[in-house]
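Q: Could we go through this model together, beginning with a term or two and then moving on to the contacts between chains?

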Amino acid sequence: MSAQIWTYLLVGVTFFIYMIIAIVARAGSTKEFYVAGGGVHPIVNGMATAADWMSAASFLSMAGLIAFMGFSGGQYLMGWTGGYVLLALLLAPYLRKFGKFTVPDFIGERYYSKNARLVALICALFISFTYVVGQMKGVGVAFARFLNVPFDTGVLIGIGIVFFYAVLGGMKGITYTQVAQFCVLIFAFTVPAIYISLQMTGNPIPQVGFGSKGTDGVYLLEKLNLLSQDLGFDAYTSIDKENLVNMFFITGALMFGTAGLPHVIVRFFTVPRVKDARISAGWALLFIAILYTTAPAVAVFARTNIINTLSEKPYAEVPQWFTNWEKTGLLTFDDKNKDGIIQYVADAQINELTVDQDIIVLANPEIANLPPWVIGLVVAGGLAAALSTAAGLLLVISTSISHDLLKNYLLPDISEKNELYAARVAIAVAVVAAGLAGLNPPGFVAQVVALAFGLAASSFFPAIILGIFDKRMNKEGAITGMIVGIVFTASYIIYFKPQLGGPGLPENFWWGISPEGIGTLGMILNFIIALIVSRFTVAPPKEVQELTERIRTPRGSVSPKNNSH
Amino acid sequence: MIKTKSTYWNTNLKYLALLLIVWFVVSFLFGIVFAEYLNQFKLGGFPLGFWFAHQGAIYIFVILIFIYVYLMNRLDKKHDVDEV
């Protein structure tokens, strides 16, 4: 069977499974819709969190990004995993004890302020919406390349699928679908990596394989370093010293941002107990680590393969996959010196080959001559990654509207039935809006992901941490801190992002920190301002101090009336 | 009762401080600040600083969470604040 038929088959079968799960696990109450009834097993929640977290970007783009960055690519690997340590140790158990459904719930109650809730609500909506548009685009790209449908049709199919199971199932449907999607995506990512690791090093474990000797007895990384240097690139494992401060700050912004992202935090409301929230974060990171430790191996294999297969080879003899990808424009050859041979070098004047980082994972099985079913599997995996993240984000958007905005702000008397109805309408509207934005993404969408992480790091993270660990923190401190953190971070990003219309030039970055890393500074600023302001204003009311006390121990109720002590 | 509660919380803070120091050291220090120095050592075919940035830090993150879960479950029981 050809790769095309395998792709249709595997994508079709996996989609069918997601649909069945959605029908079986549909939500009947707001509690089921928002937090899957609060009874999800920690391992199940760990898998769902992992699928929620690993987006089209993690699955399709990250390995390619690392392949062309080398050592500095570690900022994504550490940045997008290290946040889970913060979640498990500093946030998840206490937020689970607090109960409730959303991050604005916590901010609103802990800081006894409707305005604080509103600020949190707007941040949650903004972060989730920018994120989800990128996922919709990812779905469109994957469909367009592999199912030979136009990009628009691809996005529309994606909208249809997510619409069906998110509207029907709410958090409950999404959780169990995400478990299936996790299995598909992790299998799809590791199988080709294992194949290629065996081919290149004889070791079936990619994590060990890329540090082993190749078939010629030379360490793979040493060989890649030499190949890279021969072509004028930096050695793959060498450290970019000018970039170290920036790498430090980007790693920080991604970690603190992860720990402040509403669609990740909300997953820890779905488990039954505080101890489940702790261990669930551990399972989530373990499942995420499978992909995140395989990705750097894939990067090394792909980079080596590209150089070996293409560098100094006659264009007339390129393999079939090269021609396939040339059609998409993501791989181009421009024979500058007209010798018919591919010059792939660091010097932009002479270099004739450009490879888009996004094709590395998708093209990898073809580059390594793997059987056609593996190619179909990778496509199904990429779609699983994009759909699972999109569904989780859409749920945050709908919960923000029906629960935080309607129930707790505009219409406190709304009945449970109407609230559930509103949640379904909100998610339906959000799916369609995200899909339309994904069809026609403004150029800045990719750029605002930096903003999403920066805002999460500089607003939610300090506000939640201080709400738990500093009993004296009051609304004046927290709100001032959040506003200063957001305004500072957003201004810096907009000023230094030409794609957002900013006039700033890279040589004027503060201490060389790029917009992607500024969230770390925004976060520090938020902490300092909040602490100072809170010490010069009145202490929070006694009930709030008692609430803070109660969320610190696992046992007992958070509300004072039925405290079991 | 008050005393147990504050001992419980202080022990928790002590665990957090220790584990977060390790978290910071393996990623920000070993994987970034001292990576250049560590790269002169080899772990199989991996320069050590590179290994921390691309592999080691992630493994240690996972281990840190499971250690914390173990310590806190023990502490919850000891102070009789664990859930049924």
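Predicted model: local features only at pLDDT ≥ 70, side-chain atom pairs only at ≥ 80, totals over all residues.

Q: OK, so where does A:Ser514 lie?
A: A:Ser514 lies in the loop of chain A between helix H19 (475-496) and helix H20 (518-535).

Q: And is A:Ser514 buried or exposed?
A: A:Ser514 counts as buried, because its relative accessibility is 7% and the cut-off for buried is under 20%.

Q: Which residues does A:Ser514 touch, leaving out those up to four places away in sequence?
A: With those sequence neighbours set aside, A:Ser514 touches A:Asn246, A:Ile250, A:Tyr492 and A:Phe509.

Q: Switching to the interface, how many residues of chain B and chain A are in contact?
A: On the chain B side there are 47 residues in contact with chain A, and they meet 54 residues of chain A. The two chains bury about 4500 Å² between them, and 74% of that area is on carbon and sulfur atoms. Within chain B, the residues that lose the most area to chain A are B:Trp9, B:Ile32 and B:Glu83, which together make up 15% of what that side buries.

Q: How many polar contacts and salt bridges go across?
A: The rule finds 14 residue pairs in polar contact across the interface of chain B and chain A, both residues being at pLDDT 80 or more, and the count of salt bridges between these chains is four.

Q: Which elements of chain B give two or more residues to that side?
A: They are helix H1 (2-33), helix H2 (35-38), strand E2 (46-47) and helix H3 (48-78) of chain B, and H3(B) gives the most, with 19 residues. By residue type, the side of chain B that touches chain A divides into 31 nonpolar, 10 polar and six charged.

Q: What does B:Asp76 form a salt bridge with?
A: B:Asp76 forms a salt bridge with A:Arg278, and the closest N and O atoms are 3.1 Å apart. This pair crosses between chains, running from helix H3 of chain B, which holds B:Asp76, to helix H13 of chain A, which holds A:Arg278. B:Asp76 counts as buried because its relative accessibility is 2%, and A:Arg278 counts as buried because its value is 3%.

Q: And what about B:Asp82, which residue is its partner?
A: The partner of B:Asp82 is A:Arg555, with the closest N and O atoms 3.1 Å apart, and A:Arg555, B:Asp80 and B:Asp82 are linked in a network of salt bridges.

Q: How many salt bridges are there over all chains?
A: By this rule the count over all chains comes to 12. One of the pairs is A:Asp52 with A:Arg267, whose side chains meet at 3.8 Å, N to O. This pair links distant parts of the chain, since A:Asp52 is in helix H3 (residues 42-53) of chain A and A:Arg267 is in the loop between helix H12 (262-265) and helix H13 (274-310), 215 residues apart. Both A:Asp52 and A:Arg267 are buried.

Q: Last topic: which residues of helix H21 of chain A are buried?
A: In helix H21 (residues 542-550) of chain A, the buried residues are A:Val544, A:Leu547, A:Thr548 and A:Arg550. Seen down the axis of H21(A), these buried residues fall within an arc of 165 degrees, so they line one face of the helix.

Key: Residues numbered from 1 in each chain as written. Chains lettered and ligands numbered in written order. Heavy atoms only, no water. Contact = heavy atoms within 4.5 Å. Buried area = accessible area lost by both parts, 1.4 Å probe. Polar contact = N/O pair within 3.5 Å; in protein donor to acceptor, adjacent residues only side chain to side chain. Helix = DSSP H or I, 4+ residues; strand = E, 2+ residues; numbered from the N terminus. Nonpolar A, V, L, I, M, F, W, Y, C, P; charged D, E, K, R; others polar. Buried < 20%, exposed > 50% of the residue type's maximum accessible area, 1.4 Å probe, protein only. Arc of directions from axis to C-beta.
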